[in-house]
Amino acid sequence: MSVSIFKNIICWHAPVAGALRVKVHRVLLRADLPFLVDVNVYLVGAGREWVLVDSGYGREGMVDIVEKEVQRIAGSVANLKGILVTHAHIDHFGGATVLKRKGCVRVMMHKVGAPMLEDFRRLAEKYFGMREEEERKYVNVFLKEICGASETRVDETLEDGSEVEVAGSVLRAVHTPGHSPCHVCFYDPDNRVLFSGDLIISERSTWIGYPSGDVGLYLDSVRRLSKLKIDVIYPAHGGVIDNPAEKIKEVIRHKEERLSEVYSLLKEKPRTIAEIAKIIYANVPWPRGRWLERAIKAYIVELEKRRRVRRVKEQPEVYEAI
Ligand SMILES: [Zn+2]
Ligand SMILES: [Zn+2]
């Protein structure tokens with residue numbers, strides 16, 4: 001293992017699955033701004049055939065690290081068969097265009113996500129419900145200027161069960177919506193390895209935000225993973241997970257507890273989404289108001305589907321327990 005420090009960014013890498021036919025190298029990209037998150041990019045393959053699972057942000061320092069790691073481990077960007085994007089969130093696809101320019105690698109992702117990478121306004125509207133000024137700022141300032149992304153043509157669309165061969169192994173796309181409609185995990189059945197994207201992460205819980213997030217679908221997707229034979233999970237955020245079965249149970253338990261928490265608050269008295277967000281996320285370290293309200297809205301929608309809460313008549317902003 002070695003550690004190198006570039007400005008505020010630490011790049012950690014180690015062959016974490018040396019016994020496999022293919023090797024897995026984790027490249028940890030440290031967030032260098034307070035509202036970005038650390039993210040893992042995985043370099044998977046052997047010899048002259050490699051893929052990247054996700055690309056990280058498109059910020060210059062971060063893409064440089066990924067590129068250097070690709071050169072060091074895979075020999076050249078030309079040995080990259082493709083970038084397998086788990087879903088259309090900026091920390092996962094932002095570097096794809098820059099890397100593509102450097103070596104013509106193919107970008108692959110689920111068919112639902114492809115139109116989002118090709119038109120960021122569509123991403124802002126469909127996934128986050130943004131309009132007008134908010135949408136313009138998100139696309140032009142956040143995605144393009146700060147995160148260094150530009151719209152990208154997806155070269156190959158995937159669907160549930162699509163297989164990508166790399167150095168004699170197979171990575172199978174498992175469509176796992178809930179966190180994002182286009183989310184896929186990549187599963188290697190021979191080596192019992194899962195790249196879980198944001199569906200299962202190791203150090204926090206997965207954010208599910210209205211309108212593109214769906215708590216019910218998320219729980220279905222996680223339960224679906226519990227039927228696969230998995231020894232190791234490589235998540236997009238946090239360290240490697242070597243107890244997949246327990247982790248999957250813990251993730252389901254946490255989401256169900258959050259649903260109960262929201263329900264209990266509404267049982268106490270009718271409240272608005274903003275009021276619930278302030279109580280539940282009282283300890284969140286920086287103001288992420290609208291994103292947190294989107295998360296609470298997703299829980300409310302699930303509770304409405306389960307017929308446990310409803311809007312108060314003539315007060316459309318206020319919800320009550322049934
Ligand atoms: Zn995400
Ligand atoms: Zn993420």
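P189 counts as partly exposed because its relative accessibility is 26%, a value that lies between the limits of 20% for buried and 50% for exposed. The model discussed here is predicted. P189 sits in the loop between β11 (184-188) and β12 (193-197).

Apart from neighbours within four places in sequence, P189 is in contact with V170 and R172. The separation between P189 and E304 is 115 residues in sequence, and their C-alpha atoms are 37 Å apart in space.

## The zinc site

The zinc ion (ligand 2) has D91 (OD), H92 (NE2), D198 (OD), D198 (OD) and H237 (NE2) as its coordinating atoms, at 2.1 to 2.7 Å.

Distant parts of the chain are linked by the pair D91 and H237, which are 146 residues apart. D91 belongs to helix α2 (residues 90-93), whereas H237 lies in the loop between β13 (232-235) and α8. Both D91 and H237 are buried.

## Helices α7 and α8

Helix α8 (residues 244-268) also takes part in a helix pair with α7 (residues 215-225): their axes come within 9 Å and cross at roughly 160 degrees. That angle makes α7 roughly antiparallel to α8, because angles over 145 degrees are placed in this class. The crossing of α7 past α8 is left-handed.

On the α7 side, the residues in contact are V215, Y218, L219, V222, R223 and L225. Their counterparts in α8 are I248, V251, I252, K255, E256 and L259. By class, this contact holds nine nonpolar and three charged residues, with no polar ones.

## Helices α5 and α6

The axes of helix α5 (residues 120-128) and helix α6 (residues 132-146) come within 9 Å, and they cross at roughly 120 degrees. α5 passes α6 in a right-handed crossing.

From α5, the contact draws on F120, R121, L123, A124, E125 and F128. These meet E135, Y138, V139, L143 and K144 in α6. The residues of this contact divide into seven nonpolar and four charged, and no polar residue is present.

Key
Residues are numbered from 1 along each chain as its sequence is written. Chains are lettered from A and ligands numbered from 1 in the order in which they are written. This is a predicted model: local features need pLDDT of at least 70, side-chain atom pairs count only at pLDDT 80 or more; totals for chains, interfaces and linings use all residues. Side-chain values use heavy atoms; hydrogens and water are left out. Axes are lines fitted to C-alpha atoms, for helices over the stretch in contact, and angles run from 0 to 180 degrees between N-to-C directions. Helices (H or I, at least four residues) and strands (E, at least two) are DSSP runs, numbered from the N terminus. Angles under 35 degrees count as roughly parallel, over 145 as roughly antiparallel, 65 to 115 as roughly perpendicular and the rest as oblique. A crossing is left-handed if the near helix is turned anticlockwise from the far one by less than a right angle, and right-handed if clockwise. Contact means heavy atoms within 4.5 Å. Ala, Val, Leu, Ile, Met, Phe, Trp, Tyr, Cys and Pro count as nonpolar, Asp, Glu, Lys and Arg as charged, and the others, Gly among them, as polar. Donors are N, O and S atoms within 2.8 Å of the metal (3.2 Å for Na, K and Ca); water is not among the atoms, so sites may look incomplete. Buried means under 20% relative accessible area, exposed over 50%, partly exposed in between (1.4 Å probe, protein chains only).
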